[in-house]
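Open the model in your viewer and keep the selection panel at hand. The stops below go one at a time.

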Amino acid sequence: MGVLKRIRGLLLDPESEWAAIEAEEPSTLEIYRDYVLLLALIPPVASFLGGYFFGFGPPHEVAHLTFWGGLMRAGLQYALSLPLLFAVSFVLSSLAPHFEGESNDARALALAAYSYTPAWLASLFGLIPGLRWLDILGFYGLYIFYHGLPRMLRCPKDHADILTLVALVVSISAAALHAWLVHILAPWRSLVV
């Protein structure tokens with residue numbers, strides 16, 4: 001399955017794409033190698049390029065990242081995002097039985113990874129000054145997640161809305177933890193020109 005075909009299917013026809021994904025039995029390694037490692041690069045690269053070329057901060061205090069400082073921060077963002085995605089999927093797999101679903105770590109990882117697709121793609125707006133607010137388009141991943149949940153974790157439709165809300169809280173918590181760790185380990189103020 002090609003990455004572009006998978007992305008197009010998830011964005012334009014998630015119901016059909018989840019049916020195809022359900023028939024697959026990918027391992028954790030295959031999901032990471034064939035999909036996550038590539039798409040998870042988009043946010044740190046966009047953040048690095050946007051911070052280096054255009055800077056960030058309030059209009060009267062625009063700061064530009066140094067090349068090496070920005071590269072180090074992007075590498076840290078990328079390195080931390082990979083285990084955090086796995087942690088989110090592990091929590092989802094653990095919670096599924098509480099919503100009459102099935103605990104399956106590999107399927108939960110596929111569900112989380114493919115549902116993050118819009119958020120990863122929306123981070124491209126970070127390249128263009130003034131368009132960062134369009135990151136909100138990443139919330140389309142909730143819709144994708146909602147359609148994949150019954151197929152991947154066998155959660156009945158009448159519980160899918162609650163588990164989707166719980167997944168949103170887990171994802172936001174993971175994103176906050178990710179941002180905090182990056183800020184603590186590589187504060188942007190120490191990396192600016």
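**Helix 4 and its surroundings**

This is a predicted model. Select Ile42, Pro44, Ala46, Phe48, Gly50 and Gly51: these are the buried residues of helix 4. Now show what surrounds them. The buried residues of helix 4 pack against helix 3, helix 5 and helix 7 (117-122).

Next, show helix 4 from end to end, residues 42-53. Its twelve residues reach 16 Å from the first C-alpha to the last, close to the 16 Å expected at 1.5 Å a residue. Step just past the helix to Gly55. Here phi is positive, at about 80°.

**The nonpolar core**

Which residues have the most contacts inside the largest nonpolar core? Select Trp18, Val36, Leu85 and Leu149. The core they belong to has 37 residues. Colour the elements that give two or more residues to this core: helix 1 (3-12), helix 2 (14-23), helix 3 (28-39), helix 5 (67-95), helix 6 (105-115), helix 8 (140-152) and helix 9 (157-185). Helix 6 gives the most, with seven residues.

Centre on Val36. Leave aside its neighbours within four places in sequence. Val36 is then in contact with Ile31, Leu82, Leu85, Ala113 and Trp120. Of these, Leu85 is also among the core residues with the most contacts.

**A buried arginine**

Last stop: Arg6, in helix 1. Is Arg6 buried or exposed? Its relative accessible area is 2%, under the 20% cut-off, so Arg6 counts as buried. What does its side chain meet? Show Glu24: the side chains of Arg6 and Glu24 make a polar contact at 2.7 Å.

Definitions and conventions: Residues are numbered from 1 along each chain as its sequence is written. This is a predicted model: local features need pLDDT of at least 70, side-chain atom pairs count only at pLDDT 80 or more; totals for chains, interfaces and linings use all residues. Side-chain values use heavy atoms; hydrogens and water are left out. A nonpolar core is a set of buried Ala, Val, Leu, Ile, Met, Phe, Trp, Tyr and Cys residues joined through side-chain atoms within 4.5 Å. Buried means under 20% relative accessible area, exposed over 50%, partly exposed in between (1.4 Å probe, protein chains only). Helices (H or I, at least four residues) and strands (E, at least two) are DSSP runs, numbered from the N terminus. Contact means heavy atoms within 4.5 Å. The expected span of a helix is 1.5 Å times one less than its number of residues. A polar contact is a pair of N or O atoms within 3.5 Å; within protein, one must be able to donate a hydrogen and the other to accept it, and residues adjacent in sequence count only if both atoms are side-chain atoms.
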